[in-house]
2 protein chains.
Amino acid sequence: MKISTVKEFTDEKEQRNRPQQNDVDLDKVVLEIIRRVRERGDEAVRDYTEKFDGFRLADLIVSPEEFAEARSLITDEFYAAICKAKHNITAYHEVQKERSWFINQDKGVMLGQKVTPLDSVGIYVPGGKAAYPSTVLMNAIPATIAGVRRIAMVTPAQANGKVNPHVLVAAEEAGVDIVYKIGGAQAIAALAYGTETVQKVVKITGPGNAYVARAKKWVFGDVAIDMIAGPSEICVVADETAKPAFVAADLLSQAEHDERASAICVTTSREFAEALSKEVHAQMEQLDRKGIVETSITDNGRIIVVDSLEEAFQFVNELAPEHLQLMIENPMEQLPFIRNAGAIFLGNYSPEALGDYIAGPNHTLPTNGTAAFSSPLGVYDFMKKSSVIHYSRQALQDVSDDIITIADAEGLTAHANSIKVRKADENA
Amino acid sequence: MKISTVKEFTDEKEQRNRPQQNDVDLDKVVLEIIRRVRERGDEAVRDYTEKFDGFRLADLIVSPEEFAEARSLITDEFYAAICKAKHNITAYHEVQKERSWFINQDKGVMLGQKVTPLDSVGIYVPGGKAAYPSTVLMNAIPATIAGVRRIAMVTPAQANGKVNPHVLVAAEEAGVDIVYKIGGAQAIAALAYGTETVQKVVKITGPGNAYVARAKKWVFGDVAIDMIAGPSEICVVADETAKPAFVAADLLSQAEHDERASAICVTTSREFAEALSKEVHAQMEQLDRKGIVETSITDNGRIIVVDSLEEAFQFVNELAPEHLQLMIENPMEQLPFIRNAGAIFLGNYSPEALGDYIAGPNHTLPTNGTAAFSSPLGVYDFMKKSSVIHYSRQALQDVSDDIITIADAEGLTAHANSIKVRKADENA
């Protein structure tokens, strides 16, 4: 694994960050799919499913019998694990729930912020070869806690025309109301605009392939979306007390996601850097997804040696990684110095996989440096706010002249007039 | 003003909502501007300013002398009004500030949510003929309260090469750190990617013309943006107790913004509807911006007669208006029935203009039906969250098997391995 300095890393990154061309061909395909689904509804969804997934769907909706069958196909061990995960995810996200509030001021002024759940949400869950029950929990549980009235899920069926049973059991446990056996850009279009069978939603969340990501970008504005997820990243800050075997395993767990995933360790110890590099290569040999891992580590894996923790944190705050592990002495003490990271894992026994599945915080995190300005998926993504303003006659009278002064300065005299008609009425 | 039923209104709206072509020519121009600013920095910004604003800028940054001059050019009345607005906006937004939190669980588990201000923000303020000091306050004050370290503002200069003095005084009062005399897509590109003079920011907020809106859409992802504002809207729910003169003035204050602005009144009283229609036309005659108002009212102004308040609220929740005024008996009682609206104004003495300028809640609100899934601009837009996870050795041990079970079900065995290396170490 390549060992470099901050400067070398930054120069290399700068080189890669050249402005990219938009993928016009992909957009053409995706826009055509969206257009046809809007025009022809279910028929278009069925046609695209046949074209891309290889079979024609009789029923788009997963039946109660299919849910029951799924439960019979999974192990008790898996069911118990999902229930524990649900319990922990619920406990954490309950704390995120926001309440409406009001403040009162003199003379009958009341101002407030009303917090309301979204009416409906659609969750995209990738299917086909991969099956991610954890994604179902991480998207549906916050929506349930927010109080969303209707939670729909879309996910492509497997080659046998059925949805992966782990995914279905997770959906049932997490409070999903309806599951459609559809995927791709056609599923995003169906959720955004509705068809005969698929009821329109106001927000779409969840990860997907390039088609799904582009479709989400195009329907954005007509509906809300969560985020366009980029390749996954981990950054581990390690000092000489860290264990190379632990850090190596954590870097590799990130690398197995995707060839474009990036795994970076920043360390104050050159000896640790060298021990880590050896350990990464030794562990890599034994992994099932060795091909992906090797490409990812070679292309995007780096060990960066710095002079001090201060320098390490400066690097981290610039990088704004999706996952940050502090594997240093007294990591809690250093927390105040971290400004930009999606999730922060403290100490030697808080590996990323713990957070991916069971600790409770959401595993949908801002990627690709966007942790500088974005947050993990949370209950707040499934609620929205309305301001509330109530002024009495006297209270309005007291600020009338100020409103008229500002409105006049902005040249908006009809605004001023809406105050003047009320003053005139009071003088009558 | 046209009086219609809910059905007529909905059919008409459906008709307008046909899929729109993207404006390819506008995108070409905007993308070229962004590309050149990224490549040539200040020089490109100066060239575009000369081309679009008509003069070549010597200095891009507003000087302390220019701030002092601006203060001398405004009236004491205006200064007092701005100070009162600042006071009220600050009082309201202070309540929005979120705190970091931690929860403890058994066996040394600590989970948290760390709330951190954004490092830097850029605020776009339209210039030229119009000047909107209220926009400065509504964007900068929440950023200041969030604790953003660096608040930059961009706004085009007037024909005399200076920034509007009302806008400059508002910027100084609201805590803006630096003002650049630039506007258009070139200003957005400069904020997003940086130039020799303009320091890059992580989020851009504020309204602008079509070029600015497209530029924000294109830089989105590299930086955060607030929202792409559409035409402004008001919806007034009125019963027979409402005063036609007040409602008319409020509808017209919305209409003066823009030919595309929409002003709708939903009423349970046909007599009120007819009185209102007359009043709108009478008041319109006396307005400075009569041309804009007339087009807006003719094209998008509607009075809708319904049978009951229940029907009115159903209509409102479907419409999800930016501004909602409840001019009915006991409006506070009806608040629970409103699910979708940007800002809700209660009673006869809470006109929209009050909220635009001085009440305290933000005037940057979700437009065009997006109140179904978006919130007003707030302190939360200038902060972001990081999850925090700390597990002890024992606590991880207790969930190890569950993590491995789920990881295996997802086929992510390197994830499972990151837990296994820790188990192996404990058994040693």
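Modeller: Before we start, contact here means heavy atoms within 4.5 Å. Also keep in mind that this is a predicted model.

Colleague: Thanks! With that in hand, which residues does A:Thr205 touch, not counting residues up to four places away in sequence?

Modeller: A:Thr205 sits in strand S7 of chain A. Leaving out residues up to four places away in sequence, its contacts are A:Gly122, A:Ile123, A:Tyr124, A:Asn139, A:Lys216, A:Asp226 and A:Phe382.

Colleague: Is A:Thr205 buried or exposed?

Modeller: Buried means under 20% relative accessible area. A:Thr205 has 0% relative accessibility, so A:Thr205 counts as buried.

Colleague: Which side chain is joined to that of A:Thr205 by a polar contact of 2.9 Å?

Modeller: One of the residues that A:Thr205 touches is A:Asn139. At 2.9 Å, the polar contact runs from the side chain of A:Thr205 to that of A:Asn139.

Colleague: How far apart in space are A:Thr205 and A:Met227, C-alpha to C-alpha?

Modeller: In sequence, A:Thr205 and A:Met227 are 22 residues apart. In space, their C-alpha to C-alpha distance is 7.5 Å.

Colleague: Let's step back to the whole chain. What share of the 428 residues of chain A count as buried?

Modeller: Chain A has 17 helices and 14 strands. Its C-alpha atoms fill a box of roughly 90 × 60 × 45 Å along the principal axes. Of its 428 residues, the share that count as buried is 59%.

Colleague: And what share of the contacts in chain A with a separation of 6 or more comes from residues 24 or more positions apart?

Modeller: Here we take the contacts in chain A with a separation of 6 or more. Residues 24 or more positions apart account for 73%.

Colleague: Is A:Gln186 buried or exposed?

Modeller: A:Gln186 belongs to helix H8 of chain A, residues 184–193. Not counting residues up to four places away in sequence, A:Gln186 touches A:Ile33, A:Val37, A:Val45, A:Tyr48, A:Thr49 and A:Phe52. Its relative accessibility is 2%, so A:Gln186 counts as buried.

Colleague: Which residue's backbone nitrogen does the side chain of A:Asn209 reach?

Modeller: A:Asn209 is in the loop between strand S7 and helix H9 of chain A, and A:Asn209 is partly exposed at 45% relative accessible area. At 3.0 Å, its side chain reaches the backbone nitrogen of A:Val212.

Colleague: The other "binding site" annotation covers A:Ser232, A:Gln254, A:His257, A:His323, A:Asp356, A:Glu410 and A:His415. How far apart are the farthest two C-alpha atoms?

Modeller: That annotation also comes from an unreviewed UniProt entry. These residues span 184 residues in sequence and do not all gather at one spot, because the farthest two C-alpha atoms are 55.8 Å apart.

Colleague: Which residues of chain B does A:His257 touch?

Modeller: A:His257 lies in the loop between helix H10 and strand S10 of chain A, and at 31% relative accessibility A:His257 counts as partly exposed. Not counting residues up to four places away in sequence, A:His257 touches residues of chain A, including A:Ser232 and A:Asp356. From chain B, A:His257 touches B:Leu412 and B:His415.

Colleague: What about A:Glu410: which residues does A:Glu410 touch, not counting residues up to four places away in sequence?

Modeller: A:Glu410 is in the loop between helix H16 and helix H17 of chain A, and A:Glu410 is buried, with a relative accessible area of 7%. With residues up to four places away in sequence left out, A:Glu410 touches B:Ala131, B:Tyr132, B:Pro133, B:Ser134 and B:Tyr357.

Colleague: Last one! Which residues lie nearest the centre of the second largest pocket?

Modeller: The second largest pocket has a volume of about 530 Å³. Its lining divides into 6 nonpolar, 4 polar and 7 charged residues. Of the 17 residues that line the second largest pocket, those nearest its centre are A:Lys97, A:Glu98, A:Arg99, B:Glu98 and B:Arg99.

Note on methods
Residues numbered from 1 in each chain as written. Chains lettered and ligands numbered in written order. Predicted model: local features only at pLDDT ≥ 70, side-chain atom pairs only at ≥ 80, totals over all residues. Heavy atoms only, no water. 1 Å grid on protein atoms, 1.4 Å probe; cavity = no way out; pocket = protein on both sides within 12 Å on 5 of 7 lines; lining within 4 Å. Points joined across faces, edges and corners; volume = space filled by probe spheres on them. Nonpolar A, V, L, I, M, F, W, Y, C, P; charged D, E, K, R; others polar. UniProt positions renumbered as here; feature names shortened; annotations may be inferred. Helix = DSSP H or I, 4+ residues; strand = E, 2+ residues; numbered from the N terminus. Buried < 20%, exposed > 50% of the residue type's maximum accessible area, 1.4 Å probe, protein only. Polar contact = N/O pair within 3.5 Å; in protein donor to acceptor, adjacent residues only side chain to side chain.
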